[in-house]
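Have the structure open and follow along.

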Amino acid sequence: MTRKRIVTARINGKEHEFLCAPRQTLLEVLRDVLGLTGTKEGCSNGNCGACTVLLDGRAVDSCLVLAVETEGCRVDTIEGLAATDRLHPLQQAFLEGAALQCGICTPGFLMSAKALLDRNDDPSEEEIRFALAGNLCRCTGYDKIVRAVQATVATTAAGASQGACE
Amino acid sequence: MRDFEYEAPRSVADAVSLLSRSGARARPLAGGTDLIDHVRTGRLAPDLLVDVKKIDELNRLECSEAGLRLGAAVPCYRIYGDAQIAARYAALAESCRIIGGIQIQNRASVGGNLCNSGPAGDSIPSLIALEAVCVIAGAHGTREVPVHEFCIGPGKNVLEPGELLVELKFPARRARSGSHYRRFIPRNEMDIAVVGVAASVTLDPKADRITAARVALGAVGPTPLLATEAGRVLVGRPVDSIAIEESARAARAIAQPIDDMRGTVEFRLHVTEVLVRRILTEAIDRARRTERD
């Protein structure tokens, strides 16, 4: 048995110190050590994106990151997406647009979509689809997911221009 | 997953020392998008992972008219995000945009893609077409290997136990040069290449004759292939469809694809020829367009 390591990472804005073996992936630590079960396990090999989190602001498959590699890093998971008193605009759009059925892929899609909109506030449909290519959904057929992202872009833009007028 | 030790050295010397001590029982870890999966499935059984992402030389990214030095651990997103690389070494940027999806590109490195040595590895045909040289460090010093000699079989390469790929060096791009990488896959993204083709061409000052050309094929052999004859038949030729056809046929002639779930031998040979034609046409077009910069 290898000895465990102490890792300190900033998860959803809060410093966390945890023990883990080198062989434990970030996904495993999030779910089984830290109790953050919003991030899902789908394929364990980087194909489905259900385990998507943001690592230093970039979307990654947490099943392919070792927890020890996150020392000193910033990790954002689905649990940190909503504000304390309201849902993130993407979550709101997914709900209103029925962009989920079983919901297992949804946290991953939301984190990938957030990563996209953090960098590109007016993506084309092609850019949206390409940015979400690493996330698989077995239920919805993707169309409502893409529309939900587009709706979020529209509401955010409308909100911004409203704010500018006030 | 199998239990292993983990170290994160900060110098090439320390990394080589760790790798040499453990030999075949240690593996370098960059992006981990292949390695971690291989350890999980049991395809690889290391006792030690040496995380090389904290070593300066492996994170180097220097691109100018003098050439390109690409550290082995640099992730794909940094490569296609570099405007100079996108302009001068376009085929490499294109390979990096198509490996996996965004989540993979944010971690995976070209060095790792090369060392994984898959016959369909998307970066490798571009590395070959752009004449990259592998800089390898070991206990006895450093050696260099032209990238087209690096892979020797499916999943196999010339690295000895204890050796570490440090960087890839690319020669300066000649004036009026263009490059391109494309692959055939059943979907639009993700997937593994059914056929991959990269080409680089250089034109004369009047842009109507080819002075240099290099064609590389992926996924149609036990390793990615340098299509030597396909490049040779273009040198000195006027830019026209006859030359491109000859090159495409020469490339097809050296392809050795297998029948598998992604395609039959016949299909892949056909697609090789089609892709070489298209990729050469685009590379020539890009070489022409550089004149106007």
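Start with helix α2 (residues 89-96) of chain A, where A:L90, A:Q91, A:A93 and A:F94 are buried (20 or more other C-beta atoms, placed from the backbone, within 10 Å of the residue's own). These residues sit on the same side of α2(A), because they cover an arc of only 165° around the axis, taken from the directions from the helix axis to the C-beta atoms. Just after α2(A), A:A98 takes a positive phi of about 50°.

A word on the ground rules: this is a predicted model, where local features need pLDDT of at least 70 and side-chain atom pairs pLDDT 80 or more, while totals for chains, interfaces and linings use all residues. Residues count from 1 along each chain as its sequence is written, with chains lettered from A and ligands numbered from 1 in the order written. Helices (H or I, at least four residues) and strands (E, at least two) are DSSP runs, numbered from the N terminus.

Over in chain B there's an open sheet of 4 strands, β11-β12-β13-β14, with antiparallel pairing; a pair needs at least two DSSP bridges. β11 and β14 of chain B are the edges, each with a single partner strand, so one side of each has no neighbour in the sheet. β11(B) and β12(B) are joined by 8 bridges, and B:R183 has B:G196 as its bridge partner in β12(B).

| Strand of chain B | Residues |
|---|---|
| β11 | 177-184 |
| β12 | 195-203 |
| β14 | 225-226 |

Lastly, the contact between chains (C-beta atoms within 7 Å) takes 24 residues from chain A and 22 residues from chain B.

Notes:
Contact = placed C-beta atoms within 7 Å. Buried ≥ 20, exposed ≤ 12 C-beta atoms within 10 Å, placed from the backbone.
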